[in-house]
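Dear colleague,

Please find below the sequence and structure that I am handing over to you. My notes on what was found follow directly after.

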Amino acid sequence: MKKKLISLLLCTSMLLTACSAPVTSSDSTSDVSSSVSSVTDESNVSSEEESSMTETSAPETTTTKAPETTTTTKAPETTVTEAETTTTTKEPETTTTTKVPETQKPEPEPIIFPTANEVAKDMGLGISLGNTMEAYEATDCEKITFEWIPVVGNNTPKDYEVCWECVETTQEVIDGMKAAGFNTVRIPVFWGNMMANDGTWTINADYIARVKEIVDYCQSAGVYTVINIHHFDEFIIRRNDIDECEKIFTRLWTQIAEYFKDYGPTLVFEGYNEYLGGKQFNDKGELVEVSKSKGYKMTNTMNQCFVDAVRKTGGNNAQRVLIVSGYWTNIDLTTDSKFEMPTDTVADRLMVSVHYVDNNMYWWNKIGGQDWLNYIDDQCGKLKRAFTDKGIPVFMGETTSMYPKNNMDSSVKNKMSSTDCLKIVLERLLDEGFVPVLWDTNSHFYSRTEYKIVNADDAKLIKDISEKIAQ
C-alpha cells in the first residue's frame with residue numbers, strides 16, 4: 001500500500017514538472033501551431049472576403065494561449081455582417097429637413113394709363129364701323145308694340161352684322177382703315193341682339209365674343225378702338241323711368257367692362273350714342289319729348305352710372321379713358337351749364353362726346369357758304385369754353401364724311417367739292433384739339449371690300465392730314 005502511494009506521488013510530481021517546463025521540441029511546436037491554425041480557420045471563415053482582415057499568429061510560449069488568441073481577434077470589429085447592415089439606422093437626408101426657399105418673382109409695376117388729353121392727341125383721325133354691330137331689326141321700333149328685339153335669320157352674330165347691307169368685318173377691313181390714315185375706329189354696338197327676354201339684361205356670349213373679335217382686329221392693326229351702347233339706349237330709355245334705366249345701364253356696362261377689363265389704354269369706352277334725354281313713351285303709348293329738366297337729369301344720371309359701373313370692375317378699367325355722351329350729343333344742349341360731367345375716382349380720364357359741328361347747316365342746305373363757316377366758329381367756341389379750356393377733350397364721335405351738292409349753299413354749289421368742305425371741317429376740328437370721327441357705312445366713304453377710301457381726292461386728303469398729325 002505504501003509503495004503504491006509513493007509511486008502515485010512520484011508520478012504526480014513528474015507530471016507537474018513536465019507541464020511547467022518550456023517547450024523545446026520541434027514536434028511539440030508543430031503540433032501546437034497546427035492546432036492554432038485549425039481553430040483560426042474555422043472561426044474566421046469570412047477572412048478571405050475582407051481585405052482588412054490579418055492572419056492570427058500562434059502564441060510563442062504555451063499551447064494554452066492559442067484559444068485565447070483566436071477569441072481576441074479583431075475581425076468582428078472590422079467586419080460588418082449582413083444582419084448588421086440591414087438593421088443600421090440611416091441618417092436623415094438634408095432635403096427632408098431643410099426646405100430650399102423659392103426665388104420670389106418681383107411684382108410687375110402697375111401700368112399708368114395715359115390721360116384723356118394724351119389719348120385725344122394720339123387718336124388722330126377716326127372712322128366709324130357704322131351700320132354693322134349696331135344693326136338690328138328696327139321695323140316699327142318707334143311704336144310701343146315693339147316690345148322686344150326681333151330675331152334675324154338664324155339668330156347668329158353674323159345675321160345681325162350684315163342685316164343693314166354691310167359686309168362681315170375682317171382683319172383686312174381694319175388694316176385698310178389704318179393704311180388709309182385713320183388711327184381710331186369707333187365700333188357702335190347694339191347689345192340687345194340675341195339677348196333673352198328674361199329681365200336679366202344678360203348680353204349673349206356669342207354676340208360679345210364677336211365684338212371682341214373686331215376689337216382684336218383693331219388692336220392688331222394698331223388703332224384706338226371705341227365701343228359704346230348704340231341704339232339699344234333708345235330702346236331702354238323709351239320704356240323705363242330714370243331709376244330703372246340706371247339699373248339696366250349699370251348691369252350692361254358692368255358686363256362689358258368686366259369682359260374687356262384686361263385690354264390696354266387703346267381701348268376706350270363711350271357710354272351711349274345720341275339718345276340721352278330722348279323721347280319716352282307716355283301712358284297712351286305715344287313717343288313724346290321730355291322736359292328739359294328731365295332730359296338733363298336723365299343725361300347726367302346715365303353718364304354717372306356708366307362711369308361708376310366701369311370703375312367698379314377694377315383692373316385696367318380703374319384708369320381707362322371713358323367718353324361721356326352729351327345731351328342728344330347736341331353741341332348747344334351739351335355746352336349748357338345744366339349738363340354735368342360725372343365725378344370720377346381718377347383724374348383726367350374723361351372725354352365728352354358730341355356730333356356734327358355743322359349739323360344744322362347740312363340740313364338747311366348751307367354747306368360751304370359764309371353762314372356755314374360762322375356756324376362752325378360758334379359751335380367750336382362753345383365747346384372750347386365749356387370743355388377744352390377746362391382740360392376736358394372733345395370727341396366728335398360722328399363727323400360728316402361726304403357733302404352732296406344738294407346740301408351746299410347756292411353760292412358755292414359749283415365752286416366747292418365735297419373734299420374741299422371736308423378739309424375745312426377736319427382741319428378746324430384738329431386745330432381745336434378735338435377728335436373727329438367720320439361717320440361711314442360699308443362702301444359710303446371707305447370701301448370695306450376694296451379696303452381703301454373710295455374717292456381719290458378724299459384718300460389724298462386723309463393721308464396728308466394723318467401724316468401732318470404724325471410729324
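Which residue is the bridge partner of Ile-127 in E10? The partner is Leu-438. Residues are numbered from 1 along each chain as its sequence is written, and side-chain values use heavy atoms, with hydrogens and water left out.

Confidence and overall content

The mean pLDDT (the predictor's confidence in each residue, from 0 to 100) of the protein chain is 84, and 77% of the residues reach 70 or more. Over residues 1-98 pLDDT stays under 50; for this stretch the model has 29 contacts (heavy atoms within 4.5 Å) beyond four places in sequence. Where pLDDT is low, the predicted coordinates should not be read in detail.

The protein chain holds 18 helices and 12 strands; these are DSSP runs numbered from the N terminus, with at least four residues for helices (H or I) and at least two for strands (E). Of its 471 residues, 45% count as buried, meaning under 20% relative accessible area, where exposed is over 50% and partly exposed lies in between (1.4 Å probe, protein chains only). Among contacts between residues at least 6 apart in sequence, 77% join residues at least 24 apart.

Strand E10 (residues 435-438) pairs in the parallel sense with strand E1 (residues 126-128) over two bridges; strands count as paired if DSSP finds at least two bridges between them. E10 also pairs with E9, again in the parallel sense, over three bridges. Here Met-396 stands opposite Pro-436, and Thr-399 has Leu-438 as its bridge partner. Both faces of E10 are covered, with Val-435 and Val-437 buried on one side and Pro-436 and Leu-438 buried on the other.

Strand E9 (residues 394-399) is mostly covered, as six of its six residues are buried. Four bridges join E9 to strand E8 (residues 350-355), and the two run parallel. Met-396 in E9 is the bridge partner of Val-354. Together with helix H17 (residues 418-431), E9 and E10 make a right-handed β-α-β unit; a crossover is right-handed if, with the strands pointing away from the viewer, the path from the first strand over the helix to the second runs clockwise.

E4 runs parallel to strand E3 (residues 224-228), to which four bridges join it, and Ile-227 stands opposite Phe-269. Two bridges join E4 to strand E7 (residues 322-325), also parallel, where Phe-269 stands opposite Leu-322.

The largest nonpolar core has 103 residues; such a core is a set of buried Ala, Val, Leu, Ile, Met, Phe, Trp, Tyr and Cys residues joined through side-chain atoms within 4.5 Å. Phe-269 is one of the residues with the most contacts inside this core, a group that also includes Phe-182, Phe-249 and Leu-252. Leaving out residues up to four places away in sequence, Phe-269 touches, among others, Trp-253, Phe-260, Phe-306 and Arg-320. Apart from this core lies another, of 13 residues, among them Ala-116, Val-226, Met-351 and Val-437.

Trp-372 lies in helix H16 (residues 370-386). Why does Trp-372 count as buried? It does so because its relative accessible area is 0%. Beyond its neighbours within four places in sequence, Trp-372 is in contact with residues including Asp-358, Met-361, Cys-421 and Ile-424. The C-alpha atoms of Trp-372 and Asp-409, which are 37 residues apart along the chain, are separated by 8.5 Å.

Asn-193 is found in the loop between strand E2 (184-187) and helix H10 (205-221). Asn-193 is likewise buried, with a relative accessible area of 0%. Not counting residues up to four places away in sequence, it touches Met-133, Ala-135, Tyr-136, Ile-149, Tyr-160, Asn-204 and Tyr-207.

With kind regards

Technical notes
This is a predicted model: local features need pLDDT of at least 70, side-chain atom pairs count only at pLDDT 80 or more; totals for chains, interfaces and linings use all residues.
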